[in-house]
Amino acid sequence: MPIRVTALTSLLALTAGMASAEMNFNRIASFPTPLNMAEGEDTSRTTSAEIIAATADGMTLAYTDSPLESLGLIDITDPANPAPLGNVALGGEPTSVAIIGQTAFVGVNTSESYTQPSRKLVSVDIATREITGACDLGGQPDSIAVSGEGDFISVAIENERDEDLGDGRVGQMPAGDLVMVGTDGMALDCASLKHVVLTGLAEIAPEDPEPEFVDINALGETVITLQENNHLVIVDRDGEILNHFSAGAVDLDGIDVDEERALSFNASQPGRLREPDAVKWIDDDHFAIANEGDMDGGSRGWTIFAKDGSVVYESGVSFEYAVIEAGHYPEKRSGNKGVEPESVTFGSFAGTPMVFVGAERSSIVGVYDVTDPTAPVLTQLLPSGIGPEGYVTIPERNLLVSANEEDLVEDGGVRAHVMIFEYQEAPASYPMLTSAGLSENGKPVGWGANSGMVADGESIWAVNDSFYAMQPSIFRIDPSQTPARIVEVIRVTRAGQPAQKLDMEGITLDGEGGFWIASEGRTDRVVPHALYHVGADGEIEDEVGLPAELMAVEKRFGFEGITRVGDTLWMAVQREWKDDPRNHVKLVAYNTETGAWGAVLYEKAEPATGWVGLSEIVAHGDWFYVIERDNQIGDAAVTKKVYRIPAAQMVPVPLDGELPVVAKEEVRDLLPDLKATGGYVLDKVEGLAIMEDGTAWISTDNDGVDDHSGETMFFSIGKL
């Protein structure tokens, strides 16, 4: 049944703030890490950006690149146009970096095995790109932090466990500890190195602490997370333990714990251990942790502690709910730890103290005003690359930087990126679409993998595709709001149950309050190529299979988009079927009154790389409009365009006849639009809706946040 907008006041502050705030963070640039490879190097190798830091003047970034065993450097003198400065080879896997002045200190893993961990702390002169010193740490380091005075460095020696040994549980020697090393800001004083023993503190595996992350406050106090041990430790500058305490647990209610290809927030996890990853001081008395989880926990949110061990703020499910409303919920991680907040950092911008929480699996960053540490306010959600791992704030330049570690080059996907955001006097550019305010059984309505669209008066209807196979849905969008708002959801059903074997790639109005849906088939998965007549309540009323003439030549890539003119439905076939000429696809017609089928041919672009296909069709006035796109992403993208065809040429010819080729005219190259928010070009431009006055809206498909950043673009290209 249809579910319409209701008030969820706890989350509305986010979207209201985005519309009205004078200052907002907006992404201004994205830097793909392969740019740092030298000329002639194999740029198809996997690379990464994990932990990141900035020089004292805020003009240079340094990030750890584990696959290339190097430190990557970026010139951000002009932050909107970051420039590569190359990679510094480190002779081992870097795990973390921190900077004092113009000197980078990097933890480097040289371990031969889990039982024989070894690493070193090296200093790198950023100007000369030379390694100037090294200290043997006696174990495998993870996180690094430098003191505010630049006189010492704290290193978390994790000595991580073998997850294939002993059911992957802690209690694997050797134990980790904290290492503190003196420095004058440029050179390491290896003789001052001392180990702070952390055994015997935690209730969980006290013999085997695994320090994960460290940070140092203005008093020179180091806070350490023992992630698997679910414990927190505070150490003074002399190495004395000031306090330690359990990170505790959270009762989670209204979460999704099943990977059933539906967004159902109806489960609970009482007593869920926080198991924090990153930690960051907010002031000398409070610090924030990101509760990613690892072994037994992961509470899907973040927490602020006072250093006496008391909890002053717990986000509970509120952060995850905000991510859900933004369309970034990773359904395939429901059985694990949901959005997995892994990273947390702090910065004061224009006098406002802010905490930035990065959700690794959702590739999104929450911006919180922590003026009152007991009552943080979520003010923005920022789109990041895939797998945000590290952040650095540069308040003096109004900059926030994220390092995103996932590189999908082996699968033909997007590369790892460093993304730069500026705190500026401007409206927030993201999210472009939200379901804030819409609830179902008192819980937020998740969405994603949006494909086809159709305009209806002042609204737009959109469908999700087969990623949500157990929850096919139709969403009504109000594009007049900023961001655009999903105000209603209709679940598509068959005999009252979620309809199976659908891949909804197009939607149009039936003129009687219902819809026609185009489903892209896959014979190898027993998903039929078909048209579905759906009532206003979402129930399938009629199913139309393809005729024998089409099924004899069918291939996997079928209908993408549907539009109606009178009694005739027109569907765009994405790619060539067996009988189509090279670089030609069918625009197929079906008459709902007579049952007659026909088609014309459309000539698409010759792909430079990969393939080019159609992903939408919309009739409006004297024209039919189509989206033509390649399957390329980022800098490789060439074809993301809107074309139009004279309606007079859209005269279907019987399928056994000689199909005419219609003329096409380019209306809009979408590449500038897709680059406008400072990100890389998304590949799946899937939706086009044209309002009565000719205003056109475009949307992209975020693949259900599966090997995807989760970013959905929804924007107008004006009147056609």
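## The second largest pocket

The second largest pocket holds about 1300 Å³ of space. A pocket here is an open set of points on a 1 Å grid over the protein atoms alone, with protein on both sides within 12 Å along at least five of seven lines; lining residues have an atom within 4 Å of a point. Grid points are joined across faces, edges and corners, and a volume is the space filled by probe spheres set on the points. The lining comprises 44 residues, of which D465, R525, R556, K684 and D703 are the closest to the centre of the pocket.

By residue type, the lining of this pocket consists of 20 charged, 15 nonpolar and 9 polar residues. In this division Ala, Val, Leu, Ile, Met, Phe, Trp, Tyr, Cys and Pro count as nonpolar, Asp, Glu, Lys and Arg as charged, and the others, Gly among them, as polar.

## Basis of the description

The model is predicted: local features need pLDDT of at least 70 and side-chain atom pairs count only at pLDDT 80 or more, whereas totals for chains, interfaces and linings use all residues. Residues are numbered from 1 along each chain as its sequence is written, and side-chain values use heavy atoms, with hydrogens and water left out.

A search of the whole structure finds 1 cavity of 30 Å³ or more; a cavity is a set of points where a 1.4 Å probe fits but cannot get out. The volume of the largest cavity is about 40 Å³. Its lining is made up of F25, N26, R27, Q380, L381, L382, P383, S429 and Y430, which divide into 5 nonpolar, 3 polar and 1 charged.

Two or more lining residues come from each of strand 2 (23-32) and strand 28 (377-383), and strand 28 gives the largest share, 4 residues. Strands are DSSP runs of E with at least two residues, numbered from the N terminus. Y430, one of the lining residues, is joined to P431 by a cis peptide bond with omega near 0°. P431 lies in the loop between strand 31 (417-425) and strand 32 (433-434).

Two strands pair if DSSP finds at least two bridges between them. Within the sheet, strand 42 (residues 515-519) and strand 43 (residues 530-534) are joined in the antiparallel sense over 5 bridges, and I517 stands opposite Y532 in strand 43.

## A hairpin with a buried strand

Strand 25 (residues 341-349) is largely enclosed by the rest of the structure, because 8 of its 9 residues are buried. Buried means under 20% relative accessible area, exposed over 50%, and partly exposed in between (1.4 Å probe, protein chains only). Strand 25 pairs with strand 26 (residues 352-359) in the antiparallel sense over 8 bridges, and S348 faces P353 in strand 26. The two strands form a hairpin with 2 residues between them, and A350 in the turn has a positive phi of about 50°.

## Backbone features in other loops

A205 is not a glycine, yet its phi is positive, at about 45°. A205 is located in the loop between strand 14 (188-196) and strand 15 (211-216) and counts as buried, at 14% relative accessibility. N398, in the loop between strand 29 (388-394) and strand 30 (399-404), also has a positive phi, near 55°; N398 is partly exposed, with a relative accessible area of 27%.
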